[in-house]
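Visitor: I would like to learn how to read the features of a structure one by one. Please take me through this example.

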Amino acid sequence: MKTSMEYRNAVQMMALIQHKINRADWDQLLKLMKESVLPSHLEALELDKVEKMLFDPKNKGKKFIEVMEHIK
């Protein structure tokens with residue numbers, strides 16, 4: 001069965017957000033999102049704000065999903 005690039009990217013993103021916050025995984029998440037999400041949707045996500053929130057010292061040791069689930 002052939003799977004689309006978007007599907008494979010989504011599977012990889014779902015796995016990555018379960019990891020503890022780290023720069024390498026964040027960079028990989030950004031790469032996958034840029035490949036799979038329309039530019040207008042990426043802009044709406046305000047990824048610069050998300051990045052600041054993720055790498056805030058108070059979130060050290062947390063998983064991506066633990067912080068992202070509180071983004072509104």
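Visitor: Which helices do the buried residues of H1 pack against?

Guide: This is a predicted model, and what follows is computed from it. The buried residues of H1 pack against helix H2 (23-36) and helix H5 (64-68). The residues concerned are Asn9, Met13 and Leu16. They are on the same side of H1, because they cover an arc of only 60° around the axis.

Visitor: Why do residues three or four places apart point the same way?

Guide: An α-helix has 3.6 residues a turn, so residues at that spacing point the same way. In H1, the face turned away from the buried side carries Tyr7 and Met14, which are exposed.

Visitor: How does the span of H1 compare with what is expected at 1.5 Å a residue?

Guide: H1 covers residues 5-16, 12 residues, and reaches 16 Å from its first C-alpha to its last. That is close to the 16 Å expected. Within the chain, the C-alpha atoms of alanine 15 and methionine 5 are 10 residues apart and are separated by 15 Å.

Visitor: Is alanine 15 buried, partly exposed or exposed?

Guide: Alanine 15 is in helix H1. Because its relative accessibility is 41%, alanine 15 counts as partly exposed.

Visitor: And asparagine 9, is that residue buried or exposed?

Guide: Asparagine 9 also belongs to helix H1. It is buried, because its relative accessible area is 5%, and the cut-off for buried is under 20%. Leaving out residues up to four places away in sequence, asparagine 9 touches Leu32, Glu35 and Ser36.

Visitor: Let us turn to H2. Which of its residues are buried?

Guide: Asp25, Trp26, Leu29, Leu30, Leu32 and Met33 are the buried residues of H2. Their arc around the axis is only 165°, which puts them on the same side of H2. Ala24 and Lys34 are exposed, on the face turned away from that buried side.

Visitor: What covers the buried residues of H2?

Guide: The cover includes H1, H3, H4 and H5. As for its span, H2 has 14 residues and reaches 20 Å from its first C-alpha to its last, close to the 20 Å expected at 1.5 Å a residue.

Visitor: Which residues of H4 are buried?

Guide: In H4 the buried residues are Leu47, Val50 and Leu54. They lie on the same side of H4, because they cover an arc of only 55° around the axis. Lys49 and Lys52 are exposed on the other side of H4. The buried residues of H4 are covered by elements that include H2, helix H3 (39-45) and H5.

Visitor: Now the pockets. What is the volume of the largest pocket?

Guide: The volume of the largest pocket is about 340 Å³. Its lining has 15 residues, and those nearest its centre are Leu45, Leu47, Val50, Met68 and Ile71. The elements that give two or more residues to this lining are H1, H2 and helix H4 (47-54). H4 provides the largest share, 4 residues.

Visitor: To finish, how many helices and strands does the protein have?

Guide: There are 5 helices and 0 strands, and the pattern read along the sequence is α-α-α-α-α. Taken along the principal axes, the C-alpha atoms fill a box of roughly 45 × 25 × 20 Å. Of the 72 residues in the protein, 25% are buried.

Visitor: What share of the contacts with a separation of 6 or more comes from residues 24 or more positions apart?

Guide: Residues 24 or more positions apart account for 55% of those contacts.

Technical notes:
Residues numbered from 1 in each chain as written. Predicted model: local features only at pLDDT ≥ 70, side-chain atom pairs only at ≥ 80, totals over all residues. Heavy atoms only, no water. Expected span 1.5 Å × (residues − 1). Buried < 20%, exposed > 50% of the residue type's maximum accessible area, 1.4 Å probe, protein only. Arc of directions from axis to C-beta. Contact = heavy atoms within 4.5 Å. 1 Å grid on protein atoms, 1.4 Å probe; cavity = no way out; pocket = protein on both sides within 12 Å on 5 of 7 lines; lining within 4 Å. Points joined across faces, edges and corners; volume = space filled by probe spheres on them.
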